[in-house]
Amino acid sequence: MKAFNVAIVGATGMVGQEFIKVLEQRSFPMADVRLYASDRSAGRKLFVNHKEIEVKETDNDSFERIDVALFSAGADISRQFSPVAARAGAVVIDNSAAWRMEADVPLVVPEVNPEDIKWHKGIIANPNCSTIQMVVALYPLHKVNPIKRIVVDTYQSVSGTGLAAIDELTTQAKQVLGGGATVPHVYPHQIAFNLLPEIDVFLDNGYTKEEWKMVMETRKIMHAPDIAVSATCVRVPVFIGHSEAVTVEFSELMTPEEARGILAQSPGVKVLDDTSVSLYPQPWIAAGTDDVYVGRIRQDFSHPNGLVMWVVADNIRKGAALNAVQIAEEMIKREWISPKG
Ligand SMILES: NC(=O)c1ccc[n+]([C@@H]2O[C@H](COP(=O)([O-])OP(=O)(O)OC[C@H]3O[C@@H](n4cnc5c(N)ncnc54)[C@H](OP(=O)(O)O)[C@@H]3O)[C@@H](O)[C@H]2O)c1
């Protein structure tokens with residue numbers, strides 16, 4: 001079996017830690033593994049497959065002989081070092097928003113558009129976490145009955161903001177329960193026992209950048225530039241797992257039974273939908289697992305060709321680390337990458 005040299009940039013972060021876990025759990029064929037972060041974490045030791053590895057500061061020499069470079073250190077670091085890694089001959093799979101909408105960078109969800117991997121020029125972009133889980137659930141339906149319009153409201157966990165946000169929710173929850181005051185650092189307002197309809201920056205059109213990512217990325221991944229999408233993205237005091245209420249208008253009628261049947265056969269999807277026993281997806285159940293869960297599938301009372309559904313997934317796994325590793329696995333399976341040795 002061929003083994004590949006892998007670099008993880010942002011290895012000490014929320015997604016970086018999950019990269020290590022996913023690579024280990026899926027027995028990804030790794031030869032050399034190198035872990036990178038900023039100078040703050042340089043010298044820290046982390047374990048990969050029971051082997052202790054020292055974290056190094058990312059620099060221009062970090063990617064020599066690397067086959068696959070998994071980036072999760074934010075857009076600025078990706079903009080600086082992804083081209084360096086690509087020039088060194090690595091295939092970069094980037095979790096940030098830096099390259100997603102570039103015309104010469106494929107934006108890939110393996111269950112939807114694996115063929116796009118082939119035309120990469122050194123950098124492949126991993127989509128936004130909220131977009132990934134939505135297209136995994138909707139693409140199998142779209143193939144049967146083309147989607148005309150999507151209206152989605154998200155309920156996004158704090159892990160989507162990284163480790164500092166997990167600390168912030170934990171600290172604030174204790175402060176509120178103890179009767180004390182909270183001081184927001186990561187978010188503009190208190191997140192404990194609250195909801196914030198603000199994810200990423202506000203744009204001139206009134207949407208946030210997170211909401212706009214869902215519009216543009218969905219169209220690019222599904223090769224459907226005409227799909228109308230409107231999103232409202234909300235941060236909720238949940239640690240792990242993003243949830244989405246999705247209202248879809250199809251070209252023709254699709255019954256809930258037909259949608260359940262299609263989704264039950266679709267890769268990466270698990271249908272949890274029996275209201276008689278309160279069975280529906282929940283972030284608490286999705287956390288730590290790989291599937292995209294779909295439930296509450298029902299006819300849209302406001303439109304004859306509409307369906308409404310509830311879609312939940314672990315944003316750190318399928319929304320980030322797992323999707324990126326699946327892209328690398330797809331390249332290996334299709335022999336679109338060979339190790340440098
Ligand atoms: N969390 C999610 O659900 C999610 C989903 C999809 C995509 N993403 C994206 O993944 C990226 C990381 O997110 P996260 O949640 O893992 O954040 P995080 O927990 O805050 O971790 C950030 C990581 O970036 C590293 N880093 C910071 N500055 C650096 C520098 N100058 N050079 C090299 N490394 C540096 C940090 O290293 P130090 O330890 O040295 O500070 C740390 O390893 C972001 O682009 C985010 O948008 C996150």
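I count Ala, Val, Leu, Ile, Met, Phe, Trp, Tyr, Cys and Pro as nonpolar, Asp, Glu, Lys and Arg as charged, and the others, Gly among them, as polar.

**Ground rules.** I am working on a predicted model, where local features need pLDDT of at least 70, side-chain atom pairs count only at pLDDT 80 or more, and totals for chains, interfaces and linings use all residues. Residues are numbered from 1 along each chain as its sequence is written, and side-chain values use heavy atoms, with hydrogens and water left out.

**Largest pocket.** I took a pocket as an open set of points on a 1 Å grid over the protein atoms alone, where a 1.4 Å probe fits, with protein on both sides within 12 Å along at least five of seven lines; lining residues have an atom within 4 Å of a point. I found 50 lining residues, with S72, A73, G74, G160 and T161 nearest the centre. The lining splits into 17 nonpolar, 21 polar and 12 charged residues.

**Ligand.** I looked up where the ligand sits: in the largest pocket (more than half of its atoms lie within 2 Å of the grid points). I counted 25 residues around the ligand (a heavy atom within 4 Å). The closest are T12, M14, V15, S38 and S41. This shell holds nine nonpolar, 15 polar and one charged residue.

I checked backbone N or O atoms against oxygen atoms of the ligand. For V15 the distance is 2.8 Å. For G10 it is 3.1 Å, and for G74 it is 3.2 Å.

**Second largest pocket.** I noted W99, R100 and W212 among its lining residues. This lining has seven nonpolar, no polar and five charged residues.

Terms used
Polar contact = N/O pair within 3.5 Å; in protein donor to acceptor, adjacent residues only side chain to side chain.
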